[in-house]
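Please walk me through this structure. Start with the sheets, then move to a helix and the nonpolar cores.

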Amino acid sequence: MAHVELPKFVSRDGRGDPDPYRNFDWMRSTMPVGPVVGPDGEGTAWFVTSYEHGRACLADPRLSNERRNSATVPENEEEDEGDLLGKDPPHHSRLRKLVSPILSRGAVARLRPRITEVCASLIDAFAGRGTADLVAEYAWPIPWAVVHEFLGIPESRRMPVSRCIDRFLVAGYHEQQRRGCPTPATDELMEYVRELIAYKRRHRGDDLTTVMINGVDRGEVRSEAELEGMLYVLLGAGQVSTGPMIAAAALRLLEDPAHLARLRARETNWRLIVEESLRYDAPVQTSVSRYALTDLELGGVRIAKGDMVIVSLAAANRDPARFADAARFRTDAKRPSHLAFGHGIHLCVGAPLARLEGEICLRMLFDRLPSLRLAGPTGDTAWVLGPKLRSPREIAVRFDAERTTPSRPQTRTLPMPGTP
């Protein structure tokens with residue numbers, strides 16, 4: 001049975017992370033571009049909490065994604081050659097052009113049957129029990145399976161789900177604290193990535209890893225380090241951002257049955273549910289750090305060359321200047337576009353796949369288990385993984401147990417309006 005144990009550092013003695021949104025509201029109203037202590041603990045960093053300024057930053061060519069442009073970067077710090085998130089054009093453009101076609105909305109649609117099978121199999125494992133933890137047994141195992149499938153990695157070659165997610169979360173947490181310093185978790189994952197590349201060189205197929213390996217052969221990927229870095233980013237990002245999205249959406253639906261009633265009455269659809277969840281509970285809370293290439297002004301604030309700028313995607317997505325009734329989870333009308341996947345040339349390349357996963361897995365879960373309900377009081381869920389990620393730690397549920405496991409054809413359901 002697939003089961004994910006989140007790392008020890010997220011437990012916080014059972015209390016979870018503090019709710020950041022009241023602080024975001026205060027910052028947005030008093031200093032929408034304000035000074036904060038950066039992840040390095042040195043230099044000047046600016047935290048952007050308004051939608052208007054955040055969106056502008058994400059598309060501003062005067063702000064670089066490359067850490068070498070930071071005023072505080074050590075001279076001897078090595079660059080991560082394949083970090084798609086941490087590169088500017090033309091380097092970023094070349095790498096993105098290689099992977100974008102196979103991650104387009106039309107291309108990822110071919111994974112629909114496989115995603116459906118993954119979801120059905122996970123539900124089968126607990127459907128006869130009458131209880132489950134949707135975080136550990138459903139929301140997090142889905143993207144682990146899907147991203148490996150997309151990369152063409154067979155089950156026999158995959159790192160176990162709980163270990164894989166644990167290593168990426170631990171590596172990401174420590175990278176926030178010790179930028180540029182290798183960690184045991186990072187070393188273990190890089191060795192895993194090298195093993196996968198070696199396997200795929202011997203077993204090429206119609207998958208993203210093969211596309212990147214072929215790119216090396218054609219000179220489109222310029223080094224082995226670049227290939228390894230790209231696979232590391234795609235493998236990690238595909239898991240640690242989509243798991244929280246699925247968990248948060250499921251929780252919001254369970255907290256207010258009116259949303260499910262609207263779905264069943266065809267007054268809303270799964271696409272709107274996914275988009276509102278991404279806005280309301282941004283799984284990735286902040287943008288990748290950016291660095292000013294020149295002195296500039298933002299929101300009336302003077303930012304010096306080399307200063308770090310961090311966009312709070314979570315705060316921008318609850319900006320009342322952009323979203324009416326921004327502090328409520330609403331599924332009764334289409335919202336304006338949000339920033340959960342970023343904006344501009346660095347818009348998340350995996351967004352179509354994440355959206356497809358969300359629509360399929362939520363629809364299947366609530367159609368298959370119509371009596372699904374929270375096992376505890378509403379509002380009692382602890383949220384963890386801050387400050388860059390945010391996810392429910394546990395969603396304990398109850399439902400009417402199935403006496404027999406349905407066969408695969410019975411797990412199929414009719415699409416709701418608006419579902420592709």
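In which sense do β9 and strand β12 pair, and over how many bridges? This is a predicted model, and in it the two strands pair in the antiparallel sense over 2 bridges. Strand β12 covers residues 396-398. L374 stands opposite V397 of β12.

This pair belongs to an open sheet of 3 strands. The order is β4-β12-β9, and the pairing is antiparallel. β4 (131-133) and β9 (373-374) stand at the edges. Each has a single partner strand, so one side of each is left without a neighbour in the sheet.

Now turn to another sheet. It is open, has 5 strands and runs in the order β1-β2-β8-β5-β3. Its pairing is mixed. The edge strands are β1 (33-36) and β3 (63-64), and each of them pairs on one side only. Further in, strand β2 (residues 45-48) pairs with strand β8 (residues 308-311). That pairing is parallel and spans 4 bridges. Within it, F47 has I310 of β8 as its bridge partner.

A helix packs on this sheet: α2, residues 51-58. It touches β1, β2, β3, β5 (290-292) and β8. The direction of α2 makes about 120 degrees with that of β8.

Next, look at helix α13, residues 257-264. Which of its residues are buried? They are H259, L260 and L263. These residues lie on the same side of α13, because they cover an arc of only 95 degrees around the axis. The face turned away from that buried side carries the exposed residues P257 and R264. What covers the buried residues? The cover includes α12 (242-255), α14 (270-280) and α16 (351-368). After α13 comes R266, with a positive phi near 60 degrees.

The largest nonpolar core has 96 residues. Its largest share, 10 residues, comes from α16. Which members touch the most others? They are L134 and Y138. Take Y138, leaving aside its neighbours within four places in sequence. Its contacts are C119, L122, I123, F126, D133, C361, M364 and L365.

Conventions: Residues are numbered from 1 along each chain as its sequence is written. This is a predicted model: local features need pLDDT of at least 70, side-chain atom pairs count only at pLDDT 80 or more; totals for chains, interfaces and linings use all residues. Side-chain values use heavy atoms; hydrogens and water are left out. Two strands pair if DSSP finds at least two bridges between them. Contact means heavy atoms within 4.5 Å. Axes are lines fitted to C-alpha atoms, for helices over the stretch in contact, and angles run from 0 to 180 degrees between N-to-C directions. Buried means under 20% relative accessible area, exposed over 50%, partly exposed in between (1.4 Å probe, protein chains only). The arc is that of the directions from the helix axis to the C-beta atoms. A nonpolar core is a set of buried Ala, Val, Leu, Ile, Met, Phe, Trp, Tyr and Cys residues joined through side-chain atoms within 4.5 Å.
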